[in-house]
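Hello,

Here is the structure I promised to pass on to you. Have a look at it first, and then read on for what turned up.

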Amino acid sequence: VQLQASGGGLVQPGGSLRLSCAASGIIFSIRTLGWYRQTPGKQRELVATISSGSVTNYADFVKGRFTISRDNAKNAVYLQMNNLKPEDAAVYYCFMQYRTSFTAWLDFWGQGTQVTVSS
């Protein structure tokens with residue numbers, strides 16, 4: 001199983017980025033998809049999650065600026081980030097809860113994608 005994230009990069013304050021993450025491999029079902037972020041010396045923190053029924057949950061510090069969405073046909077999750085601030089700079093990790101035909105629900109993390117917000 002793999003989670004391939006993309007879309008990170010350098011953006012000026014106030015700018016936008018769209019992160020994408022696609023799951024591949026032997027996956028029977030995906031329950032929750034989400035994004036977390038981490039900066040050096042800090043713990044990984046929740047950014048946003050979306051359930052299989054498209055119920056969303058956001059950290060307070062991104063509400064109104066970030067939008068999470070998913071495409072179940074593509075096993076993909078997206079994070080539209082608008083009005084980016086320097087404090088949003090971090091490595092962003094995608095996350096999923098999935099199962100195969102033979103397992104219970106499992107947590108899986110993708111590799112991170114770097115977001116830098118700087119003028």
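Is Asn83 buried, partly exposed or exposed? Asn83 is partly exposed, as its relative accessible area is 40%; here buried means under 20%, exposed over 50% and partly exposed in between, with a 1.4 Å probe and protein chains only.

A word on the source: this is a predicted model, where local features need pLDDT of at least 70, side-chain atom pairs count only at pLDDT 80 or more, and totals for chains, interfaces and linings use all residues. Residues are numbered from 1 along each chain as its sequence is written, and side-chain values use heavy atoms, leaving out hydrogens and water.

Now the whole chain. The protein chain has 0 helices and 11 strands (DSSP runs numbered from the N terminus: H or I of at least four residues for helices, E of at least two for strands). The radius of gyration is 14 Å, close to the 14 Å from the globule rule for 119 residues, so the chain is as compact as a globular protein of that length. That radius is taken over C-alpha atoms, and the rule is 2.2 Å times the number of residues to the power 0.38. Of the 119 residues, 40% count as buried.

Back to the loops. Asn83 lies in the loop between β8 and β9 (90-99), and its phi is positive, about 50°. Asn75 sits in the loop between β7 (66-71) and β8 (76-81), with a positive phi near 50°. Most residues other than glycine have a negative phi. Asn75 is partly exposed, at 26% relative accessible area.

Enjoy exploring!
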